Amino acid sequence: MDLFEWIKIAGTLDADGLELYPLFLRRLDASYLQEVKDAAQSFGLEIPMMCSSPDFTHPDPDFRRNEIEKMKQMIDVMAFLGPADFRSCRVLSGQRREVVSRDQGIRFTVELIEELLPYAEQKNVHLVMENHYKDGFWVYSEFAQQSEVFLEIVSQISSPWFGINYDPSNALVAGEEPLRLLDHVKSRTLTMHASDRYLKNGYTLEDLKKHTSEGYSNALSHGVIGKGMNDYDAIFKELKESGFNGWISIEDGVNGLDELRQSVRFLREKISQYFSETSTVQNGGV
């Protein structure tokens, strides 16, 4: 789907903003980006988040250097497109390759994020690390999929320009308790991905671990937010108590716009209930 067509559709969903993925953009020049920004604004949409997927755990230093340069491009894009009060780029660890040890992967990730932070600060763009499952174009799952590794990485990074993009469904996919992870990261959570992702009948977490080809495992399914395994009342209660007031991005829509609209309505109700509309909801797609 053309990005401008998607912006037009997003404008009908009663969302406040639109999260982008780097490959949505055909070009990165200022004239094209201005067209994108103008189109979003014409439908009352801000563009506060970029769902970038750097792969920092590759064993080749030249590959990692290229990932840094690509991230700088996305930081520049968000500095252009994003609202002045808050804009962010997602960061990840990278793919879980057998040739990279745990210590190496943690060191690579921390070093590269710390290298990016002065540039992000200069551009007034926050870097948010997500507890992630897998980018759609990756072969291997996230290096820091397990919270033990994820928390070890984020504990080593201290900057007002670095925070967490919390995704409760990805904790479920990792075989962990979303609220337990939230308890560790809620004070640093700047943005959130809201979804209800679950295992299809007959599949197990072991099936996810065995999936080593590009794309998501067939064992995973999305559904309307609020109708799955996540306890959103408990999640929003914790976020409210921690002082969260950031963007909440919807990860839904695989089964069509009707379900996506249901997810928007659900999140609107929860925002009104717990935050009195102090947070904002956007369509992040899937």
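Where is the place of N124? It sits in the loop between α4 and β4. Keep in mind that this is a predicted model.

Let me stay with N124 for a moment. Its phi is near 60°, a positive value in a residue other than glycine. Most residues other than glycine have a negative phi. So is N124 buried, exposed or partly exposed? It counts as partly exposed, at 28% relative accessibility.

Look for D14 in the loop between α1, residues 3–10, and β1, residues 17–18.

Now back to α4. This helix covers residues 102–122, and F108 is in it. F108 has a relative accessible area of 6%. The cut-off for buried is under 20%, so F108 is buried. Which residues does F108 touch, leaving out those up to four places away in sequence? They are F56, T57, H58, R64 and V100. Take H58 from that list. H58 and F108 are 50 residues apart along the chain, yet 8.5 Å separates their C-alpha atoms.

Next, the strands. Start at β5, residues 162–166. Five of its five residues are buried, so β5 is largely enclosed by the rest of the structure.

Who are the partners of β5? One is β4, residues 126–130. The two run parallel, joined by four bridges. Within that pairing, V128 has G163 of β5 as its bridge partner. Another is β6, residues 189–194. That pairing is parallel as well, over three bridges. Here N165 stands opposite T191 in β6.

Helix α5 spans residues 147–155. Together, β4, α5 and β5 make a β-α-β unit, and the unit is right-handed.

Last stop: two packed helices. Such a pair is described by the angle between the axes and the distance between them. Ours are α7, residues 178–185, and α9, residues 232–242. The angle is about 5°, and the axes are 11 Å apart. That makes α7 roughly parallel to α9.

Which residues meet there? From α7 come L179, L182 and D183. From α9 come A234, I235, E238 and L239. By class, this contact has five nonpolar residues, two charged and no polar ones.

To recap: N124 is in a loop, F108 is buried in α4, β5 pairs with β4 and with β6, and α7 packs with α9. Thank you.

Note on methods. Residues are numbered from 1 along each chain as its sequence is written. This is a predicted model: local features need pLDDT of at least 70, side-chain atom pairs count only at pLDDT 80 or more; totals for chains, interfaces and linings use all residues. Side-chain values use heavy atoms; hydrogens and water are left out. Axes are lines fitted to C-alpha atoms, for helices over the stretch in contact, and angles run from 0 to 180 degrees between N-to-C directions. Angles under 35 degrees count as roughly parallel, over 145 as roughly antiparallel, 65 to 115 as roughly perpendicular and the rest as oblique. Contact means heavy atoms within 4.5 Å. Ala, Val, Leu, Ile, Met, Phe, Trp, Tyr, Cys and Pro count as nonpolar, Asp, Glu, Lys and Arg as charged, and the others, Gly among them, as polar. Buried means under 20% relative accessible area, exposed over 50%, partly exposed in between (1.4 Å probe, protein chains only). Two strands pair if DSSP finds at least two bridges between them. A crossover is right-handed if, with the strands pointing away from the viewer, the path from the first strand over the helix to the second runs clockwise.
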